[in-house]
Amino acid sequence: MRPLLVICFFSLFVSVKCANFAFEEDQLTEDHIGNFSAIGFGDASTIVSLDDEPECREYPGSSNWPLEEEWSQLNQSLGGALIKGVPPAVVCYDGPLKDVDACTALVRNSSMNRFYINNPVTVLSEWGEGDTCHATLETTAEDTCTQGAFPVFVINATTARQIQIGVNFARNRNLRLVIKNTGHDFVGRATGLGSLSIWTHYLKDFQYLPEYQVGEYKGKAGRVGAGIESWEMFSQMDKYNVTFVVAGSYTVGAYGGWMAGGGHSALASKYGLGADQVLSLQVVTADGRFVTADPEQNTDLFYALRGGGGSTFGVVTSAVVKAHPYTTVLATSISFSTGGTNVTVDPQDIENFWKGFDLYHEFGKRIVDNGGTSYSYVSRMTSTNDSYSFTTDVELPNVSEEYLSAFVQPLLDDLQAAGLNVTTRAPYPATNWIASARAGIGDTPSSSRFASRLLPRANFEDPELFQATQLALRQSVEDGYRFHGIHLQPTLAVAGYPGASNAANPAFRRAIMHADLFDNTAIRGLSPTAWNETHALLARAMDRWRALTPGAGAYFNECDVEEPEWQQAFFGDKYEGLLRIKRDRDPWGVFYAPTTVGSEGWVVRTADGMPTQNGLLCRVRDAGGEGK
């Protein structure tokens, strides 16, 4: 859709006053509701007890599932924006929707277009949905495609009113509600059996604000629709000669779930997290109201929505975010390895490899102290011998090629002195901070499982603790897992105002690295027993990390959905305060997603016991969450 124009009135000496985007001016009123009470607003003051509420959310076939006539009336109130949720790969399976040509295009061509990103039900990690309908050209008689946890209906939201209607209808009719933007969802938070989905993908308006003032902030800013993807923001940065902190040159929503979960990027050590950028938010709350949350109004929501997790407190329609001076990012690549396929590896070469790993992590302190980030991968090359590979991109903001080359030279000297054959690449514009010709193209679903940990800087300062930490990381790779480490340092000082007082995981502020451990287990077709057995091995590897980082945490957006003590891991000592806000703002439990604030009050009853969203969502009557 074409961006809608809005008018701002600027003053040199007073706060800038800006109207909402035009799509936000279209709001739900009592006149719109009329006699269709199913889309009426909620009133938390009328709640006496939730004990009399239905135990589970409705689903197709349940006694109180809305009739076809009611869905038709809902669609009419939405102006025709209601979409039937159809799994995209249904065209590959026997049935009335089978289409061989469409299936072939899906399998062979989707990596060259935006089909999946622009699809209303797709999430890019399939196992969380239940993997009930994957695209394949080789179906067998036993293969099936079912609705699973794909939403039954989707609201293609292009106005605030449509979002309000969706929230109200789900709350009043006891439906499971999910929120989806771009579908970058690793654990199934944008899916749910029997759900109604609000799809914010096309809220793509943008407005540059050369002067903006709120609270203690006065400076440049941008108003950004929740559906704008990160790569789309680079054209705005170039146009206005500013920098907005986004996920990078990816199709991740710039200020949706990425921001709500914290949001790291190539500029995390220089400008802070995505959650640290927000100055104001427009949001639809659980009672269906459209409100502004900023440092001066609805301050509880303003706090919680910046780092307290997505799909929890409301549906964000737009954000006003800081505009920083135009910032470039240069990168240089470093790699080394030992051994290879079908060769005998010298034990000394192995020790040299891990010595190089230690040297790199020692050097990481210099990277983040200079406002930089780095992205490393370490993996076992074969399962038959001790062959390993290491690669990293070291990235610094606002430096010359000469500066970056000189900056990494001490590390290169140390690696070579350790007996490693090091391959490097001359400095180049960081590929994760430019919108290339293929930006926005090619995302396709897959199934992978991983866990994460925010490793404290303290673990890299104390020599004994450093060696113990490095040994735990090494053992994980030796066990066959793939290690991914991102050096970053988004301290409170870097976060600035108002970022330093948001709900982002406190572990981020003490961290020097966000580390992922990828499981190479083939998940598709895994039995519940095999899932549990292989997950137990992953958990054992992660427990080594956790034991060495007590009180640290994990990144909410990139995590293991079975993370132990997830409340502490994802939110730290902020959890109890966030839970109070959740209970106050959403006593009905309208917004649910796994491992979000208050989700312990609910359980997804899957038929196979797997930790997917392919099951009924039901209250846990004796839990501490809002489902109680």
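Q: Why does Glu 565 count as exposed?
A: The relative accessibility of Glu 565 is 63%. Exposed means over 50% relative accessible area, buried under 20%, and partly exposed in between, with a 1.4 Å probe and protein chains only. The value of 63% therefore makes Glu 565 exposed. The model is predicted: local features need pLDDT of at least 70, side-chain atom pairs count only at pLDDT 80 or more, and totals for chains, interfaces and linings use all residues. Residues are numbered from 1 along each chain as its sequence is written, and side-chain values use heavy atoms, with hydrogens and water left out.

Q: Where is Glu 565 placed, and what is its phi?
A: Glu 565 belongs to the loop between helix 16 (528-548) and helix 17 (566-571). Helices (H or I, at least four residues) and strands (E, at least two) are DSSP runs, numbered from the N terminus. The phi of Glu 565 is near 50 degrees, which is positive although the residue is other than glycine.

Q: Why is Asn 298 called partly exposed?
A: Asn 298 has a relative accessible area of 25%. Asn 298 lies in the loop between strand 11 (290-293) and helix 9 (299-305), and its phi, near 45 degrees, is a positive value in a residue other than glycine.

Q: What makes Ser 452 buried?
A: The relative accessible area of Ser 452 is 0%, so the residue is buried. Ser 452 is part of strand 18 (residues 449-456).

Q: How do you know that the side chain of Ser 452 makes a polar contact with Glu 558?
A: The side chain of Ser 452 reaches the backbone oxygen of Glu 558 at 2.6 Å. A polar contact is a pair of N or O atoms within 3.5 Å; within protein, one must be able to donate a hydrogen and the other to accept it, and residues adjacent in sequence count only if both atoms are side-chain atoms. The backbone nitrogen of Tyr 555 also lies 3.4 Å from a polar atom of the Ser 452 side chain.

Q: Why is strand 19 described as largely enclosed by the rest of the structure?
A: Strand 19 (residues 482-487) has six residues, and five of them are buried, so the strand is largely enclosed.

Q: How do you know that strand 19 pairs with strand 15 and with strand 20?
A: Two strands pair if DSSP finds at least two bridges between them. Five bridges join strand 15 (residues 373-380) to strand 19, and six join strand 19 to strand 20 (residues 511-519). Ser 374 stands opposite His 487, while Phe 483 stands opposite Leu 517.

Q: Why is the pair of Trp 65 and Trp 71 called tilted?
A: Rings of Phe, Tyr and Trp (its six-membered ring) pair if their centres lie within 6.5 Å; planes under 30 degrees apart count as stacked, over 60 as edge-to-face and the rest as tilted. By this rule there are 33 aromatic pairs. The centres of Trp 65 and Trp 71 are 5.4 Å apart and their planes stand at 45 degrees, so this pair is tilted. Trp 65 is buried at 13% relative accessible area, and Trp 71 is buried at 7%.

Q: What makes the pair of Phe 206 and Phe 244 edge-to-face?
A: The distance is 5.8 Å centre to centre, with 80 degrees between the planes. The angle is over 60 degrees, so the pair is edge-to-face. Phe 206 lies in strand 7 (residues 206-214) and Phe 244 in the loop between strand 9 (242-243) and helix 7 (257-260), so the pair ties together parts that are 38 residues apart in sequence. Phe 206 is buried at 13% relative accessible area, and Phe 244 is buried at 0%.

Q: How do you know that the charged end of Arg 289 sits over the ring of Phe 41?
A: A charge sits over a ring if NZ of Lys or CZ of Arg is within 6 Å of the ring centre and within 35 degrees of the ring normal. The charged end of Arg 289 is 3.7 Å from the centre of the Phe 41 ring. Arg 189 likewise lies over the face of Phe 556, at 3.7 Å from the ring centre.
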